[in-house]
Each structure stands twice: as C-alpha cells, then as structure tokens.
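Good morning, colleagues. Please look at the structure on the screen while I describe its charged side chains and its helices.

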Amino acid sequence: LGFLATIQFATPIRKLKKGAEIITQGNYSHRLEIETNDEIEQLADQFNQMADALNEREELLEKHKKQLEDTVSTRTMELKDEKEKIQAIIDNVPSAFILLDRDFKIKTASSALAALSNYESEDALAQPCYTVFGEKEYCNNCPSQSARKTGKMASIVKEKKLSHGETRYLEHMAIPIRQNGSIPYILEIVTDITERKLLEKQTIRAEKLSAIGEMAAVIAHENRNSLTSLKLILQFLNESNEIQSTAKNSIEIALSSVFEMEEVITQLLNFARPKPSKFTMLDVNQIIRE
C-alpha cells in the first residue's frame with residue numbers, strides 16, 4: 001500500500017516538475033494532463049490556467065512588440081526622409097553651412113564649401129576654419145570668435161583674390177549654438193556676395209552720375225539764361241543800321257558761337273533729364289551721312 005501510494009503521488013508531482021521546466025523554457029503552450037481526483041489534479045488545473053494566462057500575455061506582448069517594431073521602422077524611415085530632404089536643401093543652397101566646435105575646427109560642412117574654398121566638405125572635417133579658406137591664422141575681427149565671446153551673431157565681409165586674378169567677396173556670418181547654458185558649437189554661413197557688391201558699386205556710380213546730372217542741369221540752366229541775354233543783345237546790334245558791315249560780320253560769328261553753345265547746353269540738359277523715347281520715320285541715307 002505504501003509503494004502504491006508513493007507511485008500515486010510521485011508520478012503527478014514529476015509531471016508538475018517537468019511541466020514547470022518546460023514553461024520556464026518559454027513553451028507556454030504546454031499543458032498538464034493529471035487525473036487523480038484530488039488536490040494534485042486541482043494544482044494541475046491551476047498550473048494549466050497559469051500557462052494559459054502566460055501564453056495569452058506572451059501573444060499580447062508579441063503583438064505589441066510587432067506594432068512597436070513597425071512604428072519604429074516607419075518613424076525611422078520618416079526621419080531618414082526628413083534628414084535627406086534637409087541635407088538636399090542645405091547642399092543646394094549656394095551658401096556654405098559649416099559647424100565649428102570649441103576649437104573652431106570643422107565638425108560638418110555642406111557641399112557648397114567646395115565652390116568657396118579649395119576643400120571638399122569631407123576633406124575639411126577636423127580642419128581649422130581659417131585653413132580651409134587659405135589663411136595661415138585666424139582672420140582679423142573673426143566673427144566666430146566674436147560670436148563665442150558675446151553670444152550674439154556676428155558677420156564680416158572678406159575680399160578674396162583667386163589664383164587667376166579674379167576678386168571675390170565672401171560674407172562670413174557666425175551664429176552661436178547654445179546647449180545647456182553654454183556654446184559648444186558655432187554655425188558659420190559663408191556666402192559669395194560678389195554680384196551684390198558689384199551691384200552696390202554700380203548703384204553708387206549711378207547715384208554719383210545722377211548727382212552730377214542734376215548739378216549739370218542747374219549750371220546749364222543758369223548759363224542758358226546768360227546766353228539768352230547775350231544773344232538778344234547781339235541780335236539787336238546785328239539788326240541796327242548804325243553798325244558797319246565789318247562789325248556785323250563779327251557779330252554774326254559771335255551769334256553763331258552763341259547758338260553752338262546753346263546747342264551744347266540743350267544736349268547737356270537732355271542728358272541730365274532724358275525724355276521718353278519717340279519713334280519717327282527718318283531717311284537712313286541722311287543718318288549715315290551725319
């Protein structure tokens with residue numbers, strides 16, 4: 001009886017132990033089949049219920065894991081696309097974007113750097129900023145140093161002579177990048193403003209010419225008034241019967257000179273105050289002869 005009782009208790013307990021080992025290894029689908037009509041069978045039923053709960057929880061976790069992986073994958077692709085878009089925008093902007101560290105060495109640079117210096121963006125990494133732009137040391141009034149000291153944006157325009165003699169004007173704009181109350185990086189934006197400089201010079205020249213034209217108009221107007229008086233007097237003398245013929249010849253020569261001076265003044269006024277264009281039919285042969 002003792003031997004049979006031992007077998008009756010030991011066999012289901014071994015099944016419970018074996019089932020616990022299988023569940024521990026992650027196989028939550030394993031179930032116990034014990035029919036002893038006693039507390040051991042009830043324990044087996046509780047064990048199977050626990051396995052069902054673990055299996056359901058495992059399936060739920062697996063489902064959440066799959067959803068999380070899909071979300072992470074989708075978000076990673078979105079971030080990659082956004083990064084590629086931003087990089088494409090930066091690379092297609094004519095200005096060069098350069099990120100400098102605390103030692104003013106280049107951490108990263110856009111592809112536009114190659115057009116403004118002798119370095120490709122990859123070759124410029126870890127190089128001092130002044131080396132990339134052909135300088136032996138920091139430039140005077142360095143905007144990056146000023147931005148780090150003051151914490152404010154700074155800029156400077158530098159004139160650069162190329163090997164073939166062409167002059168270019170580069171604007172260096174330094175922007176401090178703040179993190180946790182410090183400035184670990186400086187964003188330097190380098191732009192070729194040669195065309196803008198040339199336009200400024202042309203604008204200044206045009207303004208000077210305009211001022212000269214206005215001044216010439218005033219002078220011409222005053223001279224015309226004096227010439228008008230002189231012309232009237234000469235015409236009066238030329239029509240007088242009391243003047244000898246030899247004197248009239250001199251007066252006519254003087255009048256001719258006055259008329260020529262008036263024509264010059266008229267041309268000067270037309271230059272200073274141009275009139276709207278007027279299209280007319282003319283003789284081409286006469287134009288060629290003139």
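Let me begin with a definition: helices (H or I, at least four residues) and strands (E, at least two) are DSSP runs, numbered from the N terminus. This is a predicted model, in which local features need pLDDT of at least 70 and side-chain atom pairs count only at pLDDT 80 or more, while totals for chains, interfaces and linings use all residues. Residues are numbered from 1 along each chain as its sequence is written, and side-chain values use heavy atoms, with hydrogens and water left out.

I turn to the salt bridges. A salt bridge here is a side-chain nitrogen of Lys or Arg within 4 Å of a carboxyl oxygen of Asp or Glu. By this rule there are seven salt bridges. I shall also speak of buried residues (under 20% relative accessible area), exposed ones (over 50%) and partly exposed ones in between, with a 1.4 Å probe and protein chains only.

Arg 75 and Glu 78 are both in helix 2, three residues apart, about one turn of the helix. They form a salt bridge whose closest N and O atoms are 3.1 Å apart. Arg 75 is partly exposed because its relative accessible area is 45%, and Glu 78, at 37%, is partly exposed as well.

In general, an α-helix has 3.6 residues a turn, so residues three or four places apart point the same way.

Which salt bridge links distant parts of the chain? Glu 171 and Arg 196 meet at 3.7 Å, N to O. Glu 171 lies in strand 4 (residues 167-179) and Arg 196 in helix 6, 25 residues apart. Glu 171 counts as buried because its relative accessible area is 16%, whereas Arg 196 is partly exposed at 42%.

Helix 6 itself covers residues 194-239. Among the buried residues of helix 6 are Gly 213, Ala 216, Ala 217 and Ala 220.

Finally, I return to helix 2 (residues 39-92), where Glu 69 is found. Glu 69 is partly exposed because its relative accessibility is 42%. Thank you for your attention.

Methods
Expected span 1.5 Å × (residues − 1).
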